Amino acid sequence: MLTWIALTALLLFSLATYMAGRRKALATTGGKSVLLHSLPGYYGSYAALWVGVPAALLILLFAMFGGRLEAGLLRADPPAAVAALTAPQQDVFYDDARAIAHGGQPSETIYAGDLKTALDAKAAKSTQLGDLIQFGSLALGAVLALVGILIAYPRIGPQFRARNKVEGWVAGLFIVCSVTAILTTAGIVASLVWESWRFFQAVPIHEFLFGTEWNPQIAMRADQYAGTGAFGAVPLFIGTFLIMMIAMVVAAPIGLYSAIYLSEYANPLTRSVVKPLLEILAGVPTVVYGFFAALTVGPIFRSFFNWIGAQLAGGSLDGLAQYLMQVQNQMALVAGAVMGIMLIPFVSSLSDDIINAVPQSLRDGSLAMGATRSETVKKVVLPAALPGIMAAMLLAVSRAVGETMIVTMAAGLQAKTTLNPLDTVTTVTVQIVTLLTGDQEFDSPKTLSAFGLGLTLFVVTLMLNIVALRIVQKYREQYD
Amino acid sequence: MPSQRDDAMAHDTASAPVHIAVDRAHASQPAGAIKIRARDVNVFYGDKQALFDVSLDVPENSVTALIGPSGCGKSTFLRSINRMNDTIAGCKVVGRIELDGEDVNDRSIDPVVLRARVGMVFQKPNPFPKTIFENVAYGPRIHGIATGKAELEAIVESSLKRAGLWAEVADRLHQPGTGLSGGQQQRLVIARAIAVSPEVILMDEPCSALDPIATARIEELIDELRNQYCIVIVTHSMAQAARVSQKTAFFHLGKLVEAGPTGEIFTNPRDSRTQDYITGRFG
Amino acid sequence: MTDAALPNAAANLRQVVEARLKKRHAQEMRFRLYGRMAIIVALSFLALLLGRIVTQGYSTFIDYQIAVPVHLDASRIDKADPTGANYDLLVAESVLAKLGEKDDEFGEKSGKVMEIMSNDLGFQLLKMVREDPTLIGKTITVTGPVKSDAALYFKGQIKRSTPQDSRKLDDQQLDWMDKLKASGAVTSGFNVSFLTNSDSTEPEQAGVLGAIVGSAMMLLVTACLAVPIGVLAATYLEEFAPKNRWTDIIEVNINNLAAVPSIVYGLLGLAVFINWLAVPRSSPLLGGMVLALMALPTIIIATRSALKAVPPSIREAALGVGASRTQTVFHHVLPLAMPGVMTGAILSLAHALGETAPLLMIGMISFVPGVPEGFTGAATVLPVQVFIWENASERGFHERTAAAIIVLLVFMIVMNLAAILVRRRFERRW
């Protein structure tokens with residue numbers, strides 16, 4: 001709260017500096033703005049930037065990290081009673097002290113005797129430290145703002161190139177924004193690699209990548225650091241692959257044929273109706289597809305296969321019939337088919353772009369030879385567009401591999417090594433969700449294994465994307 | 001005053017090559033039966049009319065040139081002959097265009113058959129992204145003309161020879177056609193067109209994307225092909241029309257202004273617009 | 001010369017071509033048919049998807065309210081501590097009285113009534129008594145929803161024809177409900193409470209208000225972060241940045257980020273924002289930050305293409321009259337590119353609105369029975385609400401899941417229409 005008041009005050013102060021800077025600039029030339037190097041507003045902005053930006057950054061940094069700083073300082077010279085506690089107990093103790101100090105909800109741990117005294121002392125200390133950090137940061141901010149004035153104000157004069165300086169600040173802002181994208185990637189890579197590295201300390205990487213048993217749910221005793229769960233991810237890879245293949249079997253032909261029809265056959269009216277409809281299909285959130293898969297497609301498929309089983313029962317295929325009659329809702333086929341539906345518009349719009357990039361002159365050349373439209377498509381347009389279409393399919397595969405909600409809602413949790421589409425499989429993304437929702441302990445391999453899976457997923461999709469984007473780029477250059 | 005001088009200069013530069021060419025054109029008089037007979041052809045792109053009552057006869061075994069300023073409808077007329085205009089949405093062709101006495105727009109005429117009989121070469125060379133061999137073999141393959149591999153190879157070879165490209169590509173038939181130079185690509189496209197042995201070849205400004213040497217090569221080729229085919233060529237260059245054609249038709253603003261033996265059109269045009277155009281007053 | 005091999009004669013060519021014509025046209029028809037079928041299949045999936053959701057969800061918007069006069073018996077409510085009384089039982093007994101039945105001594109019948117009356121009625125009584133203890137001893141009428149299973153019976157989704165032991169309500173309960181309906185005590189109407197309530201453990205009391213507010217707050221954070229950063233980054237890359245290795249790397253990087261699976265952003269949020277920056281879990285602030293990172297590449301790509309569409313002549317004209325590059329961009333290029341930028345921004349925000357997976361990673365899956373208290377408080381959002389309800393076992397939640405999807409889709413459609421309107425209204429062709 002105090003932070004917001006301080007920031008508002010700082011904003012008002014910067015505005016005042018803006019006015020003052022502007023006025024001073026005009027005053028130096030007797031009110032004639034023509035004699036100034038820059039427009040008067042730039043002088044004001046220059047002063048305001050020096051006053052506002054460093055101080056605001058400082059205050060924000062303290063608002064973000066002040067709590068951590070305080071928590072760190074609080075742990076200095078622990079009382080004997082606290083030092084005797086185990087590390088997790090200490091964590092709880094300090095959290096409680098801070099919660100009491102800042103009006104939060106302390107844990108239900110009961111403290112007595114020395115510990116109670118220590119807790120009260122630490123709580124008081126926490127309040128004290130918190131105030132010190134907060135007011136200290138505000139005071140420091142005020143000092144920075146004043147220093148800003150001292151730096152900027154004297155410089156204002158007719159010869160001063162205020163516009164260039166302000167544009168320098170703007171350029172800095174630009175670069176900071178552009179770097180955000182790089183920082184995101186760096187953040188992804190760093191966090192995935194760091195947590196995975198911790199995971200691979202507990203579970204060797206080859207065991208993770210090539211192990212054939214996945215069972216992270218095995219209960220681990222509290223005192224056990226590395227658990228006894230099985231972390232062989234091969235069943236997950238196979239499950240992911242199976243569902244991806246089913247999805248592509250659905251999406252590739254339907255998406256490609258609709259793209260061909262739309263770009264080669266459909267009249268403008270049909271196009272203008274069908275394309276937005278397909279865009280709706282593309283815009284439907286994946287959680288909706290998940291719902292559709294779990295509550296509509298799953299039961300339909302199950303009763304269909306059960307029905308077939310019932311028809312075959314007792315015949316020569318009785319074994320198959322018995323199997324079909326026991327098929328469950330959560331089969332790979334359901335998740336894969338629905339994911340395929342989700343990918344249709346994706347494949348179709350990418351292929352449509354690719355096919356439209358094939359020059360019309362090639363079509364004309366083929367049609368003028370007396371080829372029919374389909375011969376033109378099959379023998380000239382598609383071969384010409386092949387690399388681009390391959391890239392589109394790779395992008396779709398990458399989407400399928402990384403898709404989460406449909407599989408979370410419609411595929412199962414059992415890690416089975418099977419390629420049977422009627423069986424229940426689990427995928428990498430399902431396991432990440434399962435491992436990370438619910439209670440997390442950040443030093444158990446169970447939780448950390450999610451980051452190992454995340455890293456694998458990231459690397460695989462990244463490679464698919466890089467290859468695909470490369471192909472598309474080359475393809476476009478060819479016809480530009 | 002300065003405008004008059006400009007005109008005079010334009011007249012000088014334009015007329016010099018014309019005279020040379022006209023002599024050549026006179027050497028072979030347009031002869032033979034009428035292959036294509038167009039009567040009152042009107043073409044519309046949506047609401048816009050692009051051709052007005054065009055009537056033209058195109059003789060067998062000769063080169064007919066369609067000339068005129070850009071946007072005058074000459075390409076539109078060319079594209080109506082093999083019904084390539086069908087591929088443009090909103091394009092409507094009214095009137096009669098007869099090929100050997102049959103209306104090409106008649107229901108009984110299949111555009112596939114029509115286009116097999118009437119080949120076409122475009123402004124920009126458009127070889128398919130396939131090998132040279134596959135490019136030439138494309139027509140025979142889709143129409144089922146060759147009955148075996150040997151026959152197909154024979155067709156490819158003879159087509160490339162007739163297009164004057166054989167010597168240059170004989171040793172790299174299985175390399176991509178797109179790797180050839182612009183002029184070679186255009187000859188490859190001509191070879192592709194003649195591989196199905198069409199009766200008519202339409203050429204839509206076949207040299208406008210080529211350099212002068214490649215242009216000369218194509219013009220020679222057109223001259224050689226004229227004995228076997230009926231060729232209709234749209235061209236921007238009057239000099240080219242004069243050099244390669246026996247008959248010339250002048251289009252202006254969607255109308256056929258006049259048509260006749262090339263020599264007559266260039267030396268003695270009846271219409272003042274033709275006169276103005278060939279002397280470079282506009283266009 | 002191989003000329004002889006050529007089928008030179010015109011008649012011959014024609015015959016050869018015509019011989020295969022039928023087959024080729026049949027192929028053509030087949031091919032065209034495949035294309036048509038593909039489109040029909042895709043569109044029927046769309047129809048099936050939307051149709052199923054509407055048919056499953058529309059019934060949520062009808063609810064059945066019961067009005068019961070309840071006598072607040074002074075002997076059963078302690079004036080000093082009104083919370084201690086069993087209001088549900090009071091309601092049940094009043095309903096029984098209305099039905100002309102008497103409770104047996106084990107309270108079996110009143111227990112059965114409680115199975116068909118929402119405990120919202122009891123809550124209402126408690127609230128009224130707390131606010132105004134003088135009500136004790138009087139008879140007041142409370143109106144509230146029937147239990148979701150009872151509503152399902154009225155909606156025809158629980159059928160009398162189903163054998164008694166395989167449905168949740170027995171014949172006696174069904175009889176009672178028919179009687180209540182016939183007597184006019186139970187009335188149906190538009191379900192306002194679905195839009196004004198937040199999540200609840202009772203299906204008939206659960207609503208989407210909390211999720212809508214949560215989504216709105218989260219999108220606000222996303223928009224405030226992603227749009228300015230994205231637009232500035234794109235402007236820098238398109239208008240100022242030198243073309244060198246660094247900008248190439250940034251460009252490739254952005255294109256690849258756009259295709260990173262969303263769940264990976266969730267892992268990033270968990271590892272960096274929660275564990276390192278200590279942003280509060282489950283909060284709209286955190287969700288907004290994660291989605292902002294996810295929306296950033298799309299916004300950058302859309303903005304760049306909008307900037308590319310502004311013809312260079314505009315820049316040259318501005319530079320020509322002595323404007324600096326910054327002035328040129330901010331005074332001329334960006335305003336002209338604004339419609340494209342806004343369209344791209346709205347579309348990527350609409351996409352962010354429907355995103356679920358990364359939010360599960362950052363703890364947004366908890367039960368939040370109210371409107372979020374602030375940007376750092378626990379919140380839920382529409383798509384996650386869908387996920388939570390889909391997992392619930394009560395049947396009443398199924399229709400509510402579909403209804404929540406309808407609400408979500410309505411918001412997405414509104415955003416998409418807004419994008420289309422912006423494009424139509426301000427689009428400029430050069």
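This is a predicted model: local features need pLDDT of at least 70, side-chain atom pairs count only at pLDDT 80 or more; totals for chains, interfaces and linings use all residues.
Residues are numbered from 1 along each chain as its sequence is written, and chains are lettered from A, with ligands numbered from 1, in the order in which they are written. The confidence values are set out below.

| Item | Value |
|---|---|
| ipTM of the model | 0.90 |
| pTM of the model | 0.86 |
| Average pLDDT of chain C | 87 |
| Residues of chain C with pLDDT of at least 70 | 97% |

**Contact between chains C and A**

In the model, 68 residues of chain C are in contact with 70 residues of chain A. On the side of chain C that touches chain A, the largest share, 19 residues, comes from H1(C), and by class that side has 46 nonpolar, 16 polar and six charged residues. Here Ala, Val, Leu, Ile, Met, Phe, Trp, Tyr, Cys and Pro count as nonpolar, Asp, Glu, Lys and Arg as charged, and the others, Gly among them, as polar.

**A helix pair in chain A**

Helices (H or I, at least four residues) and strands (E, at least two) are DSSP runs, numbered from the N terminus. Helix H14 (residues 373-402) and helix H17 (residues 445-479) of chain A pack with their axes 8 Å apart, at an angle of about 160°, and are therefore roughly antiparallel to each other, a term for angles over 145 degrees on a scale from 0 to 180 degrees between N-to-C directions. Among the residues that meet are A:Leu394 and A:Val401 in H14(A) and A:Leu464 and A:Ile471 in H17(A); the residues of this contact divide into 15 nonpolar, five polar and no charged.

**The sheet of chain C**

An open sheet of three strands in chain C has the order S2-S1-S3, with antiparallel pairing, where two strands pair if DSSP finds at least two bridges between them. Strands S2 (139-145) and S3 (186-190) of chain C stand at the edges, each with a single partner strand, so one side of each is left without a neighbour in the sheet. S1(C), residues 62-71, pairs with S3(C) over five bridges, and C:Ile62 stands opposite C:Phe190 in S3(C).

Definitions and conventions
Angles under 35 degrees count as roughly parallel, over 145 as roughly antiparallel, 65 to 115 as roughly perpendicular and the rest as oblique. Two residues are in contact if their C-beta atoms, placed from the backbone, lie within 7 Å. pLDDT is the predictor's confidence in each residue, from 0 to 100.
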